[in-house]
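Please open the model in a viewer and keep the selection tool at hand.

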Amino acid sequence: RSPPSLWVIADSVSPTDLFALSDEAKDAVDGSVRIVATGATETNPRWRRFVQEWPTFTPPPLSELLPSNWSTAAEFFSDFDVNASTVARDVGTFMYDAVAAAALQACVVAPQGPVPSTFGADFHDAKRNVSFAGLSGTVYFDEAGDRDPTSGNFILSNVLLNDSTREFSFVVRASLKASRWDWSEGQRNLVYNYRSESTPVARLQPPPPPPP
């Protein structure tokens, strides 16, 4: 408990996972933080337009002739609330943008005519020349060919324990966009492990030498 500490919980961990901890472990985890990449944001006009147009989409032709696990029900787009789905917002948006990026890269390499024998290498190198406004934000890549972290959206949450139910919840404290943290209450309003309000030290100091 002393000095104050700050633990970062993996983005794959859920409140259900944490509920399985012992009471002592729960008390220690209380006040940790969790940082996750998020795809859709309400400030992204591309996502807002996608949500508005979603009910107008229709299944592809001959969809009803496909096996059930491949077909799309006629009422899917009218009945499914895409804006309320965490899978659509935080998984589907990245998949959508990945397909769009691949299509744009292919067009850079071979806009017309036969595919060159060096297509694979050229396709990878083409990432450097691709950027676009996607459902998960403005997509562009770094020199290594990975999506540049500054093009993503991230959410920082406090992992808080309810003393009565002993269940955890993730309370959003800030969002990161274009390398800038936007705090939910206008200031850094975090608590730390063991629900401490004292700011953790940047580096633990070694213990003093034993007395002579």
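Begin by selecting D23, which counts as partly exposed because its relative accessibility is 47% (buried means under 20% relative accessible area, exposed over 50%, partly exposed in between, with a 1.4 Å probe and protein chains only). This is a predicted model, in which local features need pLDDT of at least 70, side-chain atom pairs count only at pLDDT 80 or more, and totals for chains, interfaces and linings use all residues. Residues are numbered from 1 along each chain as its sequence is written, and side-chain values use heavy atoms, with hydrogens and water left out.

The side chains of D23 and R166 form a salt bridge at 3.6 Å, N to O (a side-chain nitrogen of Lys or Arg within 4 Å of a carboxyl oxygen of Asp or Glu). D23 belongs to helix α2 (residues 23-29), whereas R166 is in the loop between β5 (153-161) and β6, 143 residues apart. Helices (H or I, at least four residues) and strands (E, at least two) are DSSP runs, numbered from the N terminus. R166 is buried, at 19% relative accessibility.

Next, select D27, whose side chain meets that of R166 in a salt bridge of 3.0 Å, N to O. D27 lies in helix α2 and R166 in the loop between β5 and β6, so this pair ties together parts 139 residues apart in sequence. D27 is partly exposed, with a relative accessible area of 29%.

Now move to D30 and R195, where another salt bridge spans 3.1 Å, N to O. D30 is buried at 6% relative accessibility, while R195 is partly exposed at 36% relative accessible area. Shared partners join D23, D27 and R166 into one salt-bridge network.
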